[in-house]
Amino acid sequence: MDSIRIRGGKPLTGDIAIGGAKNAALPLMAASLLTPEPLTLTNMPELADISTMGNLLRQHGARIDQSALGAGECDDEAGATGRTTTLRSDKIASVTAPYDLVRRMRASVLVLGPLIARCGEAKVSLPGGCAIGTRPVDLHLKALEQLGTKIELKQGYVHATVPKRLKGTQIVFPKVTVGGTENILMAATLAEGETVIENAAREPEIANLADCLNAMGAKISGIGSGTLRVTGVERLHAAKVAVIPDRIETGTYAVAAAITRGRIELKGTRIELLESVFSAMKQAGVEITPTSSGIVVAAKNGLAGVDVMTEPYPGFPTDMQAQWMALMATASGASMITETIFENRFMHVPELTRFGADVNVHGASAIVRGRAQLSGAPVMATDLRASVSLVLAGLAASGETMVNRVYHLDRGYERLEQKLEACGAEIERLGGG
Ligand code: UD1
């Protein structure tokens, strides 16, 4: 198993290009199942989760063509440089999403809505637990039932059938769910009549999906708000859509600049995607400056502790909580970090304490008392964002850090070591066999 070795304690300076958002690309890829015509996605990131979704869609019958951009070429989005992927599902070969693929990535459940809407039938393995909590899909299933789907759970699979066509209705999510909103939004595009989704998630990735569906001929209004209105259409057609910049990658490298007291320009991304994090950073004393091509993040010693609480967008993202904790471990004074989205998302705490971080967890909150200097240590990665928080702590810590089990990182960070190395980090990947 690969490890990452870091010799930390150096301020990082330079530029980092931010890629397309994993969490936008995954539902956009699933949306291609809604039409027999091609869906072309630009600014696509190259990540393990994207390959997993590609494999899942292929076994549903999709053909996928990828083309990398040539040197110096630029995509539609300012500064975006990712791949272009065309997905075409003229025929659905199978309506089954097998256990082996779904267990690897929870977002596989996003094929459920499109398959039911297009084929009237889907058989999708239940995703099961994951490192950060139980993460059920009950809200997806309940909402699909409200649209007229018959749901049966058999042998670990969700069997979903609809006699004719889904029927639009009012759906009120009792809790904000990103994946649930995406599944229902996709299903409702081909339903009969109007669907109103109340308490919908407002993440920028949802707006990217809704804009894409509209470009495919759907009729969705209220984009960006907590109420989405969808007037069903008979069919969707071809479209070409750009994946938005990855706001979690943006925030992670912003923390890399701040935690090493360096200065990094994040290219091809926007402050508006991550206001909550940048506002907390400013309070902590980090300088944030928008530029024509992105954002400059710079910090000096003497950062202040700032309390944050994770919340659905536009609140502080749970996917930035671990990275924030690493930063706060180096601030002057205390900060309280409260996790309200997932019940088991402090697994990075025991690993961060190996760097000398002073963190105490009380229920859903962690108190972090900053230290002048962390010191490098061997640590173990547990999930995607926890892993990257250990890399960030290692960049700030004096001496050598070895992050073990780094395969999690490849699910969500493209060329992580190269991007950090280009800013002066001493970081290398070691193959473990
Ligand atoms: C998405 C993101 C993930 C992020 C999370 C919260 C993708 C591919 N993943 O995950 O990176 O951490 O949003 O911002 O976009 N819940 C239920 N029942 C359900 C669905 C959800 O109880 O049917 C609960 C979950 O357990 C969790 C909360 O609702 O506690 C939010 O989950 P949700 O927004 O659905 O997260 P994901 O879409 O899985």
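Trainee: Which residues touch the most other members of the largest nonpolar core?

Mentor: In soluble globular proteins, nonpolar side chains tend to be buried together. Here the largest nonpolar core has 75 residues, and L41, M53, L57, V111, L185 and L213 touch the most other members. Such a core is a set of buried Ala, Val, Leu, Ile, Met, Phe, Trp, Tyr and Cys residues joined through side-chain atoms within 4.5 Å. Buried means under 20% relative accessible area, exposed over 50%, and partly exposed in between (1.4 Å probe, protein chains only). Helix α1 (residues 22–31) gives the largest share of this core, 7 residues. Apart from this core lies another, of 69 residues, among them M281, I288, M328 and A357.

Trainee: On what basis are these values computed, and how are residues numbered?

Mentor: This is a predicted model, in which local features need pLDDT of at least 70 and side-chain atom pairs count only at pLDDT 80 or more, while totals for chains, interfaces and linings use all residues. Residues are numbered from 1 along each chain as its sequence is written, and side-chain values use heavy atoms, with hydrogens and water left out.

Trainee: Which residues does L57 touch?

Mentor: Not counting residues up to four places away in sequence, L57 touches M29, A30, S32, L33, A62, I64, L87 and V111. Contact means heavy atoms within 4.5 Å.

Trainee: How is strand β3 covered and paired?

Mentor: Strands of a sheet pair through backbone hydrogen bonds, either parallel or antiparallel. Strand β3 (residues 39–44) is mostly covered, with 6 of its 6 residues buried. Strands are DSSP runs of E with at least two residues, helices are runs of H or I with at least four, and both are numbered from the N terminus. Two strands pair if DSSP finds at least two bridges between them. β3 pairs with strand β5 (residues 83–88) in the antiparallel sense over 4 bridges, and L41 stands opposite T85 in β5. With strand β14 (residues 239–242), β3 runs parallel, joined by 4 bridges; there the bridge partner of L41 is V241.

Trainee: At what angle do the axes of α6 and α7 cross?

Mentor: Two packed helices are described by the angle between their axes and the distance between the axes. The axes of α6 (residues 178–189) and α7 (residues 204–215) come within 10 Å and cross at roughly 10°. That makes α6 roughly parallel to α7, since angles under 35 degrees count as roughly parallel, over 145 as roughly antiparallel, 65 to 115 as roughly perpendicular and the rest as oblique. Axes are lines fitted to C-alpha atoms, for helices over the stretch in contact, and angles run from 0 to 180 degrees between N-to-C directions. From α6 the contact is made by V178, T181, E182, L185, M186 and T189, and from α7 by E205, I206, L209, A210 and L213.

Trainee: In what order do the 4 strands of the open sheet stand?

Mentor: The order is β22-β23-β1-β24, and the pairing is mixed. β22 (378–380) and β24 (426–430) stand at the edges, each with a single partner strand, so one side of each is left without a neighbour in the sheet. The twist averages 20° from one strand to the next. Strand β1 (residues 3–8) pairs with β24 in the antiparallel sense over 5 bridges, and R7 stands opposite E426 in β24.

Trainee: Is helix α10 largely enclosed or open?

Mentor: In helix α10 (residues 321–328), 8 of the 8 residues are buried, so α10 is largely enclosed by the rest of the structure. In the loop between β18 (308–309) and α10 lies P314, which a cis peptide bond joins to Y313.
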